[in-house]
Amino acid sequence: MLKFYGYKQCGTCRKAEQFLQQANIAYEFIDITLNPPGAEKLAAIAAHAGVSLNKLFNTSGVQYRELKIKERLPALSGPEILVLLAGNGRLIKRPLVTDGKRATVGFNAEQFAAVWG
């Protein structure tokens, strides 16, 4: 079953959930702000989605700006990025959807259709 790391107040997450529901795809919803994935899982999701670790950041989020992540990012190592993300679910781009072998970061209808449809 898919694991859907999202936030119920997030419009993008609602669109992604609606896509999965309309496609009759079962998933387990996990509130990313209360239970962010651990560093190891985040690394696996990035690898399965084919994205770099910095693409896991929610760059439009308040926490991203308040913590000045953009300025800090060039000096951070991969493990430091993962620890930062795993410790604060509001920093993570959402939704993260994974079945353990494939993953998507954020929501794009065409990408969802290709990966999950």
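This is a predicted model: local features need pLDDT of at least 70, side-chain atom pairs count only at pLDDT 80 or more; totals for chains, interfaces and linings use all residues.
Residues are numbered from 1 along each chain as its sequence is written, and side-chain values use heavy atoms, with hydrogens and water left out.

**Helix 1 against helix 6**

- Helix 1 covers residues 11-22 and helix 6 covers residues 109-116; helices here are DSSP runs of H or I with at least four residues, numbered from the N terminus.
- The two pack at an angle of about 40 degrees, and their axes sit 11 Å apart. Those axes are lines fitted to C-alpha atoms over the stretch in contact, with angles running from 0 to 180 degrees between N-to-C directions.
- Helix 1 and helix 6 are therefore oblique to each other, oblique being whatever is left after roughly parallel (under 35 degrees), roughly antiparallel (over 145) and roughly perpendicular (65 to 115).
- On the helix 1 side, A16, F19 and L20 do the touching, and they meet A109, F112, A113 and W116 of helix 6; contact means heavy atoms within 4.5 Å.
- Sorted by type, the residues of this contact come out as seven nonpolar, no polar and no charged. Nonpolar takes in Ala, Val, Leu, Ile, Met, Phe, Trp, Tyr, Cys and Pro; charged is Asp, Glu, Lys and Arg; the others, Gly among them, are polar.

**E17, also in helix 1**

- E17 has its place in helix 1 and counts as buried because its relative accessibility is 8%. Buried means under 20% relative accessible area, against over 50% for exposed and partly exposed in between (1.4 Å probe, protein chains only).
- Setting aside neighbours within four places in sequence, E17 is in contact with F4, K8, Y27 and F29.

**The cysteines**

- Searching the whole structure turns up zero disulfides, a disulfide being a pair of cysteine sulfur atoms within 2.5 Å.
- C10 is in none, and the nearest cysteine sulfur to it, that of C13, is 3.3 Å away. From the C13 side, that spacing to C10 is too far for a bond.
- C10 is buried, at a relative accessible area of 10%, and C13 is buried too, at 0% relative accessibility.

**N58 in its loop**

- N58 lies in the loop between helix 2 (39-49) and helix 3 (62-66), and its 12% relative accessibility makes it buried.
- Not counting residues up to four places away in sequence, N58 touches Y64, R90, L91, I92, K93 and R94.
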